[in-house]
Each structure stands twice: as C-alpha cells, then as structure tokens.
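The report below describes how two chains meet in a structural model and how one of them is built. Please read it alongside the coordinates.

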Amino acid sequence: MARDERATFGGEKTLLERFTGTRGSWRRYEVGMWAWLLHRITGWLLVFYGFIHLWVIGFAAVRPESFDRVMEIFSHPLYLLLDLGLLGVVVFHALNGLRILLIDLGLKIPQKAFFWAAFSLAILAVGVSAPFFFQVV
Amino acid sequence: MGRPGFLGWLLQRVTAVALVFFLGAHLGYAHYAVEWPLTWEDFTGSLFLRVVDIGILVLVVYHALYGVRTALLDFGVGSRAERVITPLLWLIGLITIIFGVQIFLFLLG
C-alpha cells in the first residue's frame, strides 16, 4: 500500500480493514496489494473450510451409514459448485504462496507476472475440472 | 535460531511447500481417483493413506493457525492479547489434531 494512503486514512480501522489487514479504499491498490489481499482472504476461507471439513467428516465417520449419507449429500450439484470454487481458492493460495516464498528468498522474479500467472492458473484449473466434477465427460 | 519468530516464519514456508504435494495427493486419492459419491469402504481400506492423512492434518493445522496468528497480529490486538493468542491457538491446534487422529484411527477399526 502506498505510504501516503496510510497517512490519508487516519483514525480507527474498520472491521473489514482489520480482517483483511488493509487500510483505505481498495480501488487505488496496485497488483502487489491485490495479491496480498487475495492471499489473506483465501487464507481465511481455507481456515474456515478446513475446520468444517474435519468436523463434518469426522462426526459422519462414526458409522458407515452416516458417512455414506453425508457423502451422498455432498454429491449434490450445489456442493460440487462449492467444491469447484474451493479448488480455485486452493490453487490460487498455493501458487501465490509459492510466489511469496520466491520473493522472500530474495529472488528477482517478475512479481506482477507471477501474480497474474497464479490467478490465471487458478481459473484455468476450475475451468478444466468443471466437466469432471459434474461428470460431463 | 537468530531473531525471535524466525523459526515460526521458516516452518510456515516449509509446511506450505509440503502442503502443495500432500494436498495434491489428498485431492487425487480422495476425490479424483474414486467414484462419487465416496463410500465408507473408500476410507477404511488403506493404513498408508490414513497415515498420510494424519501428516496432512498436522501440516494443515500448523499452517492454518500460524496464518490466523499473523492475521490477528495485523488486527492490531496489542501485546497483552498477543500473549493470550499464541497459547490459545496451540490449544485449539492440539485439540484439532487429537480429534482428527482418533477419527483416522477409528476408520482403521
């Protein structure tokens, strides 16, 4: 974030700013800031998903019948759509995380290009997987 | 280990790289290589995969809760809250791992 922006937006942070670790309007952000914001948002999503995933499957796994029933419910197209979204979130977070690692290691990578690569590959992964998720092919 | 926080930072990177491979494998054997809907039998057959699951669980819990800690510190919670957050997240993490491990052991019968 630009340093002048931090100076412009004084006072208390809003709840959204606190959750995303940001300050001020997102419209003026540069690519690097969007990468950071998306990494934080996808990170929160994955934390919540991970706990729900473990709890739902954990409690369903007490009996074979309840396990099979829960898996049947999660085969509904609505959940498959959510799964597809999850795939995009995971792929973006993983690839952008790799980008962050390379930057942290001090490698001179084209940071913006790597962000767009992570973003595009996440969308590509969703597009390519969609027919398989919905068993069209 | 140099300055404080370096070990945490390093472990966050190590678990990140490990998770790329482990989660890739998890998606493969639990979602792509099996027919939907999944059944109980898919998850009770293999000792090896349940051991891999436990590995993933530990990696995910560490990575996720360290991420939560980073985000909460960005919240600007103050140093008093910080002293509470870290042990609290360790507690949540340990409970989660124990919960998960006993599920995996139960699945093995």
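Four residue pairs are in polar contact between chain A and chain B, with both partners at pLDDT 80 or more; a polar contact is a pair of N or O atoms within 3.5 Å, where within protein one atom must be able to donate a hydrogen and the other to accept it, and where residues adjacent in sequence count only if both atoms are side-chain atoms. This is a predicted model, in which local features need pLDDT of at least 70 and side-chain atom pairs count only at pLDDT 80 or more, while totals for chains, interfaces and linings use all residues. Residues are numbered from 1 along each chain as its sequence is written, chains are lettered from A in the order in which they are written, and side-chain values use heavy atoms, with hydrogens and water left out.

**The interface**

On the side of chain A that touches chain B, the elements that give two or more residues are α2 (15-20), α3 (31-60), α4 (64-73), α5 (77-104) and α6 (111-133) of chain A, the helices being DSSP runs of H or I with at least four residues and strands runs of E with at least two, numbered from the N terminus. The largest share of that side, ten residues, is supplied by α3(A). By class, the side comprises 20 nonpolar, five polar and eight charged residues, where Ala, Val, Leu, Ile, Met, Phe, Trp, Tyr, Cys and Pro count as nonpolar, Asp, Glu, Lys and Arg as charged, and the others, Gly among them, as polar.

In terms of contact (heavy atoms within 4.5 Å), 33 residues of chain A meet 29 residues of chain B. The two chains bury about 2,700 Å² between them, 74% of it on carbon and sulfur atoms; buried area here is the accessible area (1.4 Å probe) that two parts lose on being put together, summed over both. Within chain A, the residues that lose the most area to chain B are Arg18(A), Phe51(A) and Leu54(A), which together make up 19% of what that side buries.

**Salt bridges**

A salt bridge is taken as a side-chain nitrogen of Lys or Arg within 4 Å of a carboxyl oxygen of Asp or Glu.

| Salt bridge | N to O distance |
|---|---|
| Asp104(A) and Arg13(B) | 2.5 Å |
| Asp74(B) and Arg40(A) | 2.9 Å |
| Arg63(A) and Glu65(A) | 3.1 Å |

Asp74(B) lies in helix α3 of chain B and Arg40(A) in helix α3 of chain A, so this pair joins two chains. Arg40(A) is buried at 11% relative accessibility, whereas Asp74(B) is partly exposed at 30%; buried means under 20% relative accessible area, exposed over 50%, and partly exposed in between (1.4 Å probe, protein chains only). Leaving out residues up to four places away in sequence, Arg40(A) touches Phe19(A), Thr20(A), Gly21(A), Thr70(B), Ala71(B) and Asp74(B).

**Nonpolar cores**

A nonpolar core is a set of buried Ala, Val, Leu, Ile, Met, Phe, Trp, Tyr and Cys residues joined through side-chain atoms within 4.5 Å. The largest has 26 residues, and those with the most contacts inside it are Ala61(A), Phe67(A), Phe43(B), Leu57(B) and Leu107(B). Two or more residues each come from α3 and α4 of chain A and from α1 (6-32), α2 (40-44), α3 (47-74) and α4 (79-108) of chain B, with α3(B) giving the largest share, eight residues. Leaving aside neighbours within four places in sequence, Phe67(A) is in contact with Ile57(A), Ala60(A), Ala61(A), Thr39(B), Trp40(B) and Phe43(B). Apart from this core lies another, of ten residues, among them Val31(A), Phe92(A), Phe115(A) and Ala118(A).

**Chain A and Asn96(A)**

Chain A has six helices and zero strands, and of its 137 residues 32% count as buried. Asn96(A), in helix α5 of chain A, is buried with a relative accessible area of 0%. The side chain of Asn96(A) makes a polar contact with the side chain of His39(A) at 3.1 Å, and a polar atom of the Asn96(A) side chain lies 3.4 Å from the backbone oxygen of Ala35(A).
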